[in-house]
Amino acid sequence: MTRRPLRVVAAVVVTLATRAMPVLAQDLPRGTIIDDVKCAADPTQSYALYLPSTYSRDRVWNLLIAFHPAARGRAMVEKYQAAAEQYGYIVAGSNTSRNGPWAVSIASVRAMSADLGQRFAIDADRVYLTGMSGGARVALQVALGNSNIAGVIASSAGYPDNRPRTSMRFPIFATAGTDDFNYLEMRQLDRTLTSAHHLAIFNGGHTLPPDAIALEAIEWMELEAMRSGRRTRDDVLVERLFAKRQRLVAEATSSAATVHLLDATVADFNGLRSVSAEAARAADMSRQPEVKKALARERADDDAERRVLSDIFDLEGGLRDGNRRAASLIRLRDQLSRCARTASGEVDSPERSQARRMLRVVTSGASERVDDPQYLQLLEELRRGAGAR
């Protein structure tokens with residue numbers, strides 16, 4: 001495949017040279033994570049790096065650029081190291097991009113892009129972005145401004161402007177934990193988006209996905225690359241991944257989960273192999289009364305959660321009104337205390353997960369929304385009591 005200048009956009013367009021810099025890739029070890037690669041043109045910028053053990057400049061390689069909300073580049077690289085080795089990805093995690101002023105992330109994107117493009121043999125058609133929480137918003141912001149990003153893996157956060165989209169020019173693999181305070185945001189992204197996307201939910205909180213889902217994300221991107229023509233079709237790989245998906249369908253613990261997995265299988269493998277049997281089964285199950293009720297209940301639960309949170313935020317607004325403050329505080333204490341009791345339950349359940357993520361939504365950034373010491377003290381007590389850290 002012909003190498004072309006690699007371009008990454010984040011408010012500005014950065015064109016990367018294809019000529020090697022004095023510090024070449026052969027000076028860097030393969031098959032192990034390097035914690036701190038300083039950008040040759042700007043040593044104040046650095047990134048963690050993983051080069052596959054078989055890396056050489058004799059061919060071009062896929063590139064995954066990663067962003068963490070606390071500038072923990074190694075954490076991002078570690079998460080995708082195994083998948084990168086298996087599928088031939090260079091992974092670079094910024095050590096400087098973090099939550100805060102957007103200018104900091106722009107500087108990181110510019111410096112990393114230039115350095116990676118000059119050091120390594122990168123396939124300009126196979127550049128991917130990923131991020132965790134605020135880092136996912138950085139990844140999506142960059143992708144929104146670029147016409148050739150091959151895909152984005154967005155963990156625990158979505159669009160930087162929080163504006164739902166129905167279609168994107170790049171595929172999105174989204175992840176969220178059941179206790180994640182951005183769980184509803186990722187569910188909304190999944191329900192609104194009609195272009196290529198996949199949502200993976202796991203048991204956990206606001207964190208990077210388990211290793212198995214990180215591998216699934218890369219494998220899903222491989223399928224999308226075949227579907228879009230960015231990589232050569234590999235029928236052996238398609239069948240292996242299809243068999244893996246069939247095992248997940250067989251292991252589903254609810255009818256709703258089975259339908260979701262079947263629908264995803266049809267969407268992900270359509271055009272690569274026959275999925276008529278999966279489509280027929282999903283349609284048949286969706287017509288069954290009990291399954292219809294389960295699917296409707298999922299949506300109703302999400303809508304109810306949004307309404308409860310909206311009510312809580314409205315009550316917080318009442319704390320600023322002297323005439324409403326006392327009544328608002330009483331109602332907030334009652335509602336949040338009930339939520340905390342459910343969140344601290346010993347038995348795992350959808351209700352406990354819902355309560356935990358609602359508490360996390362309310363406690364996250366509360367001091368920026370509300371200037372009421374008594375209410376903030378209440379939130380801290382409830383947070384500690386429910387373990388909603």
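Let's begin at S53, which sits in the loop between β4 (42–50) and β5 (61–67). Quick note on those labels: helices (H or I, at least four residues) and strands (E, at least two) are DSSP runs, numbered from the N terminus. And before I go further, this is a predicted model, so local features need pLDDT of at least 70 and side-chain atom pairs count only at pLDDT 80 or more, while totals for chains, interfaces and linings use all residues. Residues are numbered from 1 along each chain as its sequence is written, and side-chain values use heavy atoms, with hydrogens and water left out.

Back to S53, then. Its relative accessible area is 42%, so S53 is partly exposed. The cut-offs here are under 20% relative accessible area for buried, over 50% for exposed, and partly exposed in between, with a 1.4 Å probe and protein chains only. What does S53 touch, if we don't count residues up to four places away in sequence? The answer is R30, G31 and E85, where contact means heavy atoms within 4.5 Å. With E85 there is also a side-chain to side-chain polar contact of 2.4 Å. A polar contact, by the way, is a pair of N or O atoms within 3.5 Å; within protein, one must be able to donate a hydrogen and the other to accept it, and residues adjacent in sequence count only if both atoms are side-chain atoms.

Now another loop residue, T96, between β6 (89–94) and α2 (102–119). Buried or exposed? T96 comes out buried, because its relative accessible area is 16%. Leaving out neighbours within four places in sequence, T96 is in contact with T44, Q45, S46, A71, V104 and S108. The side chains of T96 and S108 also make a polar contact, at 3.4 Å.

Next, backbone angles. As background, most residues other than glycine have a negative phi. S156 isn't a glycine, yet its phi is positive, about 65°. N162 is another non-glycine with a positive phi, about 55°. S156 is in the loop between β8 (151–155) and β9 (172–177), and N162 lies in the loop between β8 and β9 too. How buried or exposed are they? S156 has a relative accessible area of 0%, so it counts as buried. N162 is at 54%, and therefore exposed.

Moving on to strand β7 (residues 122–132), that's where you'll find A124. A124 is buried, at 8% relative accessibility. A124 and R230 are 106 residues apart in sequence, and their C-alpha atoms are 9.9 Å apart in space. Over in helix α10 (residues 325–343) we have S328, which is buried at 4%. Leaving aside residues up to four places away, S328 touches L315, G318 and L319.

On to the cores. A nonpolar core here is a set of buried Ala, Val, Leu, Ile, Met, Phe, Trp, Tyr and Cys residues joined through side-chain atoms within 4.5 Å. The largest one has 43 residues, and L49, L116 and F120 touch the most other members. Helix α3 (residues 134–144) gives the largest share of this core, six residues. There's a second, separate core of 33 residues, with Y50, Y80, A83 and L237 among its members.

What about cysteines? C39 is buried at 3% relative accessibility, and C339 is buried at 10%. Taking a disulfide as a pair of cysteine sulfur atoms within 2.5 Å, the count is zero disulfides.

Finally, the whole chain. There are 13 helices and 10 strands. The radius of gyration, taken over C-alpha atoms, is 23 Å, close to the 21 Å from the globule rule for 389 residues, so the chain is as compact as a globular protein of that length; that rule is 2.2 Å times the number of residues to the power 0.38. Along the principal axes, the C-alpha atoms fill a box of roughly 70 × 55 × 35 Å. Of the 389 residues, 52% count as buried. Among contacts with a separation of 6 or more, 65% are between residues 24 or more positions apart.
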